[in-house]
Amino acid sequence: MIDFRSDTVTRPCQQMRQAMANAEVGDDVYGDDPSVNALESWAAQRHGFAAALFCSSGTQANLLALMAHCQRGDEYLCGQQAHNYKFEGGGAAVLGSIQPQPIANEEDGSLCFDKLAAAIKPDDAHFARTTLLSIENTINGKVLPLSYMTKARDFTRQHQLQLHLDGARIYNAATALKVDISDICQYVDSMSICLSKGLGAPVGSLLLGSSAVIKSARRWRKVLGGGMRQAGILAAAANIALQQNPNKLQQDHDNAKYLATQLQQFADISLDLNQVETNMVFAHFADSVDLPLVVNKLNENGILISAGKPVRLVTHLDINKADIDHFIAQLRHILT
């Protein structure tokens, strides 16, 4: 199958499978798994943090960050489109008793600092305590520049807030900005990295932060049922993803641009090529197109997309230029 639904669908390469089969393991709950320990130690040092925690998912990593930074009855500021607000089951409120205060995202995915400042609650028993600002980079494929990261850091210092970065696709941001990952990490107090999206690991995310944040997050991970035993089998693949695959992301970005230019040839499809900054293309199909039919016909020909307004198409390790050409040919046949 040629799968454009997400970059989460990547499959582990043969090197990862071999590393998983041969991984040195122990009991991670006891801190005895050498493969997990090596991954966490390397990741913390590489990204400029004191400590790191291997998590089962990005949703878990973000929730642990919120619970480590915030107490019951606290509040965190975020975007209306933030993954940890909109797409993670309300975990902060349900499991952490933390109130989200969403702010409308600007067109470029950023958050307006004036609107954020207006949302900070007074120091009064009537209100939740505003403790944390959570931002996301990339967000819907859009990149927050270093200048914005600098302003976010200054804003949180001015208002005595902590700053968390949902960096599920942070390596895509670094690739698009042509900067080292540490140039982004330096601005935040904690950060999550998804290893099973564009980086291609089968399972896992990392949470990075201070020793105190990670100590608290490790405790909450156990409370939430996230204590893993011989997790080194997964960490072995994650280590390869983190150390070897960031340099492959530019190809995904190039393929997304190529896909977008090919889609522009269709009269029934509109998109803004300038909005294709990383590995995501958002295509608007005309109302006259029977989109469920298109999805089903493509599926019959071994191509997976998700219906939507717009349709999100994501390039990744398992998609090459020939796959895109095949998709375009099949789409042209269906639409004509």
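Student: Which residues does Lys-197 touch, not counting residues up to four places away in sequence?

Tutor: Contact means heavy atoms within 4.5 Å. By that rule Lys-197 touches Asp-7, Thr-8, Thr-10, Ala-168 and Arg-169, leaving out residues up to four places away in sequence. This is a predicted model, in which local features need pLDDT of at least 70, side-chain atom pairs count only at pLDDT 80 or more, and totals for chains, interfaces and linings use all residues. Residues are numbered from 1 along each chain as its sequence is written, and side-chain values use heavy atoms, with hydrogens and water left out.

Student: What does UniProt list for Lys-197?

Tutor: An unreviewed UniProt entry lists Lys-197 under "modified residue: N6-(pyridoxal phosphate)lysine". UniProt positions follow the numbering used here, feature names are shortened, and annotations may be inferred rather than shown by experiment.

Student: Where does Lys-197 lie, and is it buried or exposed?

Tutor: Helices (H or I, at least four residues) and strands (E, at least two) are DSSP runs, numbered from the N terminus. Lys-197 lies in the loop between strand E7 (190–194) and strand E8 (205–209). Buried means under 20% relative accessible area, exposed over 50%, and partly exposed in between (1.4 Å probe, protein chains only). Lys-197 counts as buried because its relative accessibility is 14%.

Student: How far is the backbone oxygen of Lys-197 from a polar atom of the side chain of Thr-10?

Tutor: A polar contact is a pair of N or O atoms within 3.5 Å; within protein, one must be able to donate a hydrogen and the other to accept it, and residues adjacent in sequence count only if both atoms are side-chain atoms. Here the distance from the Lys-197 backbone oxygen to a polar side-chain atom of Thr-10 is 3.5 Å. Thr-10 lies in the loop between strand E1 (2–3) and helix H1 (14–21), and Thr-10 is buried at 6% relative accessible area. Beyond four places in sequence, the residues that Thr-10 touches include Ser-196, Gly-200 and His-316.

Student: Which residues of the largest nonpolar core touch the most other members?

Tutor: A nonpolar core is a set of buried Ala, Val, Leu, Ile, Met, Phe, Trp, Tyr and Cys residues joined through side-chain atoms within 4.5 Å. The largest one has 51 residues, of which Phe-54, Ile-170, Met-191 and Leu-195 touch the most other members. Helix H11 (residues 232–244) supplies the largest share of this core, six residues. A second, separate core has 28 residues, among them Ala-260 and Leu-263.

Student: How many disulfides does the structure hold?

Tutor: A disulfide is a pair of cysteine sulfur atoms within 2.5 Å. The structure holds zero. The sulfur of Cys-13 is too far for a bond, because the closest cysteine sulfur, in Cys-194, is 16 Å away. For Cys-194, the nearest cysteine sulfur is that of Cys-55, at 11 Å. Cys-13 is partly exposed at 34% relative accessible area, whereas Cys-194 is buried at 5%.

Student: In what sense does strand E5 pair with strand E3 and with strand E6?

Tutor: Two strands pair if DSSP finds at least two bridges between them. Strand E3 (residues 74–79) and E5 pair in the parallel sense over four bridges, with Asp-74 opposite Arg-129 in E5. E5 and strand E6 (residues 162–167) are also parallel, over five bridges, and Ser-134 stands opposite His-164 in E6. Strand E5 (residues 129–136) is mostly covered, with seven of its eight residues buried.
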